[in-house]
Amino acid sequence: MEQSEQRPEGQVPPIETDNRAEKVDRLFEFFFINKNLIIGATLGVIAIVGVFFLYQQQNKSDESVAYSLLSQVEAHVDNGNWQHAVDGDSTLTGLRQIIQEYGSTPSGNHAKILIGDSFLALQEADSALTYYRTYTGKNPDLAASAKAGEAACFLHKKAFPEAAAAFEKASETAVNHALKASYLSDAADTYFLLGKTDMAVDLYKRIIKKYPGFTATAKAQESLLAIAGKTGNIDL
């Protein structure tokens with residue numbers, strides 16, 4: 001039978017160290033030594049979060065105001081009061097002022113398209129082109145509308161190659177299929193004006209194949225038949 005080990009008389013048992021207590025002591029020691037740095041860093045983070053929150057709130061507030069102002073002036077654009085819509089008066093904030101004050105908001109960016117439309121209707125293609133090009137919003141269909149506006153300005157200036165390319169870009173940018181078909185049809189029409197019948201035919205066929213059921217598709221079919229009648233080429 002094995003004898004159990006016995007501790008010699010007078011020997012004190014070893015004391016087990018409490019690791020957690022030691023770590024806590026070290027943590028408190030680190031905090032007191034570096035408390036100014038820690039407090040400063042914490043306040044810095046709080047300040048950054050606060051500024052971001054205020055920025056977000058300000059953006060929401062600005063968009064709310066811009067949306068309200070744009071709703072009022074949009075009716076004047078629809079009614080053909082383009083100069084009044086651009087300039088406004090004592091009772092109406094015009095598109096130019098909305099863009100100056102709220103141009104970074106979604107409604108402010110929409111205003112850039114409406115002022116472009118207004119200048120184009122007023123036969124001021126250069127001014128319209130400038131505003132269309134300033135659109136920086138995130139809505140792809142509005143971005144496509146701005147690009148189509150550029151194309152319309154090029155048409156007005158009889159810069160047909162640039163117009164056709166811009167219409168194609170507008171079609172690529174849009175998400176809405178009706179808009180895609182419409183802008184692609186405009187591109188095809190422009191290529192036809194340029195005498196590039198083959199390119200026009202290819203685009204008309206693409207519209208018919210990819211976007212059935214839209215107004216632009218029916219127009220593309222009519223255009224193909226018209227070209228066939230003029231060229232005598234039935235297999236278009």
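The exercises below concern a predicted model and are each followed by a worked solution. Residues are numbered from 1 along each chain as its sequence is written, and side-chain values use heavy atoms, without hydrogens or water. Local features need pLDDT of at least 70 and side-chain atom pairs pLDDT 80 or more, while totals for chains, interfaces and linings use all residues.

**Exercise 1.** Compare the reach of helix H5 with its expected span, and decide whether H5 is enclosed or open.

Solution. Helices are DSSP runs (H or I, at least four residues), numbered from the N terminus. H5 covers residues 106–121, which is 16 residues.

Next, take burial: buried means under 20% relative accessible area, exposed over 50%, and partly exposed in between (1.4 Å probe, protein chains only). Twelve of the 16 residues of H5 are buried, so the helix is largely enclosed by the rest of the structure. Among them are Ala111, Leu114, Ile115, Ser118 and Phe119. After the helix comes Gln123, with a positive phi near 65°.

**Exercise 2.** Find the aromatic pair and classify it.

Solution. Rings of Phe, Tyr and Trp (its six-membered ring) pair if their centres lie within 6.5 Å; planes under 30 degrees apart count as stacked, over 60 as edge-to-face and the rest as tilted. The rule gives one aromatic pair. Phe119 and Tyr131 are 5.8 Å apart centre to centre, with 15° between the planes, and the pair is stacked. Phe119 belongs to helix H5 and Tyr131 to helix H6 (residues 125–132), twelve residues apart. Both Phe119 and Tyr131 are buried.

**Exercise 3.** State whether Thr190 and Asn81 are buried or partly exposed, and place each in the chain.

Solution. Thr190 lies in helix H9 (residues 177–193). Its relative accessibility is 2%, so Thr190 counts as buried. Contact means heavy atoms within 4.5 Å. Beyond neighbours within four places in sequence, Thr190 is in contact with Leu155, Phe160, Ala163, Ala164 and Phe167.

Asn81 sits in the loop between helix H2 (35–78) and helix H3 (82–87). At 36% relative accessibility, Asn81 is partly exposed. Its C-alpha is 8.4 Å from that of Ser118, 37 residues away along the chain.

**Exercise 4.** List the contacts of Leu95 beyond its neighbours within four places in sequence.

Solution. The contacts are Leu70, Val73, Val77, Ala85, Val86, Ala111, Leu114, Ile115 and Ser118.

Conventions:
Helices (H or I, at least four residues) and strands (E, at least two) are DSSP runs, numbered from the N terminus. The expected span of a helix is 1.5 Å times one less than its number of residues.
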